[in-house]
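Subject: Structure handover

Hello,

My notes on cores and charged pairs follow below.

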Amino acid sequence: MNDRIRILADELANNPVSLCFVELGALLRKIGDLTGAERVLAGGVARHPGHVEARSLYGEVLLDRGKLRDAFREWSEVVETEPRDVGARKGLGYLFYKGGQLDEALEHLEMALSIAPMDQQVRQAYSRIRKELESEETAASAAPRGAGDMMLADSRGRPLTGGLVTDGRDVSEEVAAYLVGVSDEAARSARMLKLGNWIWITTESGNGCLHISKPTDDSTLVLMGGPGVRPAEVEMRAESAAKTAKDWMDDSRVD
Amino acid sequence: MTAVSINFDRLLGRVTGIRGVVGAVVLDAEDGLVIAESILGGIRVNAVAALAASMYRRVSHTTKAAGHGPPDFVQLQAENGVLIALPGSCGTILAVIGELDLNIGLVKIELNKILVRQ
């Protein structure tokens with residue numbers, strides 16, 4: 001490999017406009033000479049700005065060197081010229097992923113997959129990001145919100161986080177106060193009827209439904225569905241919300 | 001046993017005919033006294049009635065506080081079974097105790113039939 005590098009370096013020295021800079025840059029990168037690879041590719045790209053393959057490779061070297069902004073710029077310019085460049089799409093997907101912009105990352109990887117559907121690296125990255133995005137969406141929909149239809153209360157009848165609003169009125173404190181009695185009664189009924197521990201209570205009325213559960217021993221979670229909201233739908237949301245609430249309680253505790 | 005309670009017994013018998021239903025009770029919402037019952041196995045009917053009445057009352061406070069009014073249906077889901085309570089006419093509550101795999105939808109239909117005939 002070193003011989004080949006020497007030959008290519010000589011050729012480039014004798015003919016600075018030679019396209020051998022691409023292979024030389026790739027080999028230098030392969031042996032770990034990232035500084036050399038960057039220098040060669042920067043020079044080559046400056047002379048051949050339309051060489052998409054070289055620019056895509058240059059982006060990879062910039063990424064290797066931790067120059068994320070430069071890599072981003074390089075790949076962005078590549079996809080403007082050649083939208084079907086898989087390397088640049090993969091690179092941009094990775095950079096967006098690193099930046100926490102999962103939607104954008106997925107967009108680039110989807111494009112890469114449409115061009116190279118059998119590329120295992122792209123498939124794996126796509127699958128991983130998709131799962132992360134789905135779990136983020138689940139968490140977002142289940143997370144206790146500032147006000148509206150979900151509230152976590154403590155075991156002494158006080159709202160902890162979230163809130164319940166009905167017809168523009170905050171009913172959190174009143175509901176939280178009554179929840180203690182509901183929770184105690186549910187535990188007593190389940191025990192005396194030999195039903196084991198209670199898991200949840202659901203109520204239905206003309207104005208909507210409530211779902212009450214205990215994510216932890218010292219908290220009660222309430223989800224409220226308005227008129228027309230199906231109790232089974234609220235129940236499904238409540239399962240995710242209970243997990244989030246449990247994590248929230250665990251994180252909030254002072255050791 | 002009065003004619004009314006005999007009629008209730010027949011209707012409750014239809015509910016207990018549903019797979020997974022362990023028992024059904026019609027009770028007075030105020031004091032939890034049993035008006036009619038159809039309980040299978042060794043469950044104490046008075047306990048079911050008292051607990052269902054108390055449960056319904058407590059939950060009603062919460063739903064009213066939430067602006068939902070009194071509940072038309074309450075389901076307590078536990079590890080080994082369910083307790084259902086819903087209001088009947090003239091201050092009564094219908095309570096059903098069932099196993100884990102109880103078909104809640106079917107129970108609702110049968111209970112609503114009882115409510116219509118009350």
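**Salt bridges and cores**

There are 21 salt bridges in the structure, counted over all chains. Keep in mind that this is a predicted model.

R73(A) is partly exposed, at 37% relative accessible area. D70(A) is also partly exposed, at 29%.

Next, K90(A) and D119(A). This salt bridge has an N to O distance of 3.2 Å. K90(A) belongs to helix α6 (residues 86-98) of chain A. D119(A) is in the loop between α7 (102-115) and α8 (120-142) of chain A. The pair therefore ties together parts that lie 29 residues apart in sequence. Is D119(A) buried or exposed? D119(A) is buried, with a relative accessible area of 18%; the cut-off for buried is under 20%. K90(A) is partly exposed, at 24%.

Then K246(A) and D250(A). The closest N and O atoms of this salt bridge are 3.2 Å apart. Both residues lie in helix α10 (residues 231-252) of chain A. The spacing is four residues, about one turn of the helix. K246(A) is partly exposed, with 39% relative accessible area. D250(A) is partly exposed as well, with 37%.

Some bridges share partners. R55(A), D70(A), R73(A), E74(A) and E77(A) are joined into one network that way.

Now the cores. Nonpolar side chains tend to be buried together in soluble globular proteins. The largest nonpolar core here has 41 residues. Which of them touch the most other members? These are M151(A), V175(A), I201(A), V222(A) and L27(B). Helix α2 (residues 45-65) of chain B supplies the largest share of this core, with 10 residues.

V175(A) deserves a look in your viewer. Setting aside neighbours within four places in sequence, V175(A) contacts M151(A), L164(A) and V222(A), among others.

A second, separate core holds 26 residues. Among them are L27(A), V52(A), L57(A) and A88(A).

Best wishes

Terms used: Residues numbered from 1 in each chain as written. Chains lettered and ligands numbered in written order. Predicted model: local features only at pLDDT ≥ 70, side-chain atom pairs only at ≥ 80, totals over all residues. Heavy atoms only, no water. Core = buried A, V, L, I, M, F, W, Y, C linked by side-chain atoms within 4.5 Å. Buried < 20%, exposed > 50% of the residue type's maximum accessible area, 1.4 Å probe, protein only. Helix = DSSP H or I, 4+ residues; strand = E, 2+ residues; numbered from the N terminus. Contact = heavy atoms within 4.5 Å. Salt bridge = Lys/Arg side-chain N within 4 Å of Asp/Glu carboxyl O.
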